[in-house]
Amino acid sequence: MSVKLGPNRYGKAETRLVHVVREGPVHRVKDVNVSTALSGDMEAVHLTGDNAAVLPTDTQKNTAYAFARKHGVGQIEEFALLLARHFVTSQPTIHHARVEIEEYGWNRAGPHSFVRDGGEVRTCVVHHDRDGGSTVVSGLKDLVVLNTTGSEFHGYLVDEYTTLPPTRDRVLATAVTARWRHIGETASYAQSYEQARQALLDAFAGTHSRSLQQTLYAMGERVLTVCPEICEVRLALPNKHHFAVDLSPFGMDNDNEVFHAADRPYGLIEGGVLRDDAPDAGFAWE
Ligand SMILES: O=c1[nH]c(=O)c2[nH]c(=O)[nH]c2[nH]1
């Protein structure tokens, strides 16, 4: 039996790239997911393990980050064309490049604060006990927010396993899950929800953060200040890490402009904020 190599391609899938454009105090973000796939003279690598024709997938990823720094990420079609043409014209062994880009939309929530388009879910849980008491818990999940500056993290415990460098300026991003407990029944749940949601956003955008824990407390506190009908707030905030990419091997600086948006693992910061006089729910209300 004789066999031969069929159609093939290879590349780096889902390079999560966030580009922050800083025009004075007002920032813009481009958040994309770049997948490159190359094909060409790839018989040898498959048949004999000779890698001479292979542009590593790691290089393809680096090129996406370096091109973001060099050219910016304008329209995703233009950025994709730039990358695809580069791979084919710079490497004779590469005959065809496929570049797929997904872009996640962000809406402005402040000069350096953004709320991700769509995906957000409004939630509620109610309890009713035979003693006549009802408890109404409202909330939201998957409210994704991001600050491009105004976030620090330093001064933490250091032990023999610590490698995290302290930072005075980082991207802070999270997907908010929040639940809040009403005192009795609230006149308008629609209005209450809008006010609580806005309070969460305002506190996230407006707090100069020294930790996500501090931001969490500020968000809960703001809801309780703005919404007297609410007595307790519980928040779960995954720290969606954005790591500045080291572009120095390519002779480029990176002044908090090009980030790798990591998927996992992530920090998970959870906590509650309650009024001093919050009535005891008497049970696990979440
Ligand atoms: O805001 C933060 N809180 C932490 O507890 C923590 N831990 C960590 O590694 N990064 C961060 N960031």
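Trainee: What radius of gyration does the chain have, and what would a compact globule of 286 residues have?

Mentor: This is a predicted model, and its chain has a radius of gyration of 24 Å, whereas a compact globule of 286 residues would have one near 19 Å. Along the principal axes, the C-alpha trace spans about 80 × 50 × 45 Å.

Trainee: How many helices and strands does the chain have, and what percentage of its residues is buried?

Mentor: The secondary structure comes to five helices and twelve strands, and buried residues make up 29% of the 286 residues. As for contacts between residues at least 6 apart in sequence, 66% of them join residues that are at least 24 apart.

Trainee: How should I read the packing of two helices, and at what angle do α2 and α3 pack?

Mentor: Two packed helices are described by the angle between their axes and by the distance between those axes. Here, helix α2 (residues 57-71) and helix α3 (residues 76-90) pack at an angle of about 120°, and their axes are 11 Å apart. Angles over 145 degrees would count as roughly antiparallel and those from 65 to 115 as roughly perpendicular, so α2 and α3 are oblique to each other. Their crossing is right-handed, and the contact is made by Thr63, Ala64, Phe67 and His71 of α2 together with Leu82, Leu83 and His86 of α3.

Trainee: Which residues does UniProt list under "binding site"?

Mentor: The unreviewed UniProt entry lists Thr57, Phe153, Arg170, Gln213 and Asn239 under that term. These residues are spread over 183 residues of sequence and are also spread in space, with up to 37.0 Å between C-alpha atoms. A "binding site" annotation in the unreviewed entry also covers Thr57 and Asn239, and these two are spread in space as well, up to 27.5 Å between C-alpha atoms.

Trainee: Where is Thr57 found, and is Thr57 exposed, partly exposed or buried?

Mentor: Burial is judged by counting other C-beta atoms within 10 Å, where 20 or more make a residue buried and 12 or fewer make it exposed. Thr57 is found in helix α2, and because it has 16 other C-beta atoms within 10 Å, Thr57 is partly exposed. When its neighbours within four places in sequence are left aside, Thr57 is in contact with Tyr10, Gly11 and Lys12.

Trainee: In which strand does Asn239 lie, and which residues does Asn239 touch?

Mentor: Asn239 lies in strand β9, which covers residues 230-239, and it counts as buried because it has 20 C-beta neighbours inside 10 Å. Not counting residues up to four places away in sequence, Asn239 touches Thr174, Leu212, Tyr266, Gly267 and Ile269.

Trainee: Where is Phe153 found, and why does Phe153 count as buried or exposed?

Mentor: Phe153 is found in the loop between β7 (134-147) and β8 (172-182), and it counts as buried because 20 C-beta neighbours lie inside 10 Å. With residues up to four places away in sequence not counted, Phe153 touches Pro166, Thr167, Arg170, Arg210 and Ser211; of these, Arg170 is itself listed by UniProt under "binding site".

Trainee: In which helix does Gln213 lie, and with which residues is Gln213 in contact?

Mentor: Gln213 lies in helix α5, residues 212-226, and because it has 16 other C-beta atoms within 10 Å, Gln213 is partly exposed. Its contacts, once neighbours within four places in sequence are left aside, are with Ile269 and Gly271, and Ile269 is also one of the residues that Asn239 touches.

Methods. Residues are numbered from 1 along each chain as its sequence is written. This is a predicted model: local features need pLDDT of at least 70, side-chain atom pairs count only at pLDDT 80 or more; totals for chains, interfaces and linings use all residues. UniProt positions are given in the numbering used here, feature names are shortened, and annotations may be inferred rather than shown by experiment. Helices (H or I, at least four residues) and strands (E, at least two) are DSSP runs, numbered from the N terminus. Two residues are in contact if their C-beta atoms, placed from the backbone, lie within 7 Å. The radius of gyration is taken over C-alpha atoms; the globule rule is 2.2 Å times the number of residues to the power 0.38. Axes are lines fitted to C-alpha atoms, for helices over the stretch in contact, and angles run from 0 to 180 degrees between N-to-C directions. Angles under 35 degrees count as roughly parallel, over 145 as roughly antiparallel, 65 to 115 as roughly perpendicular and the rest as oblique. A crossing is left-handed if the near helix is turned anticlockwise from the far one by less than a right angle, and right-handed if clockwise.
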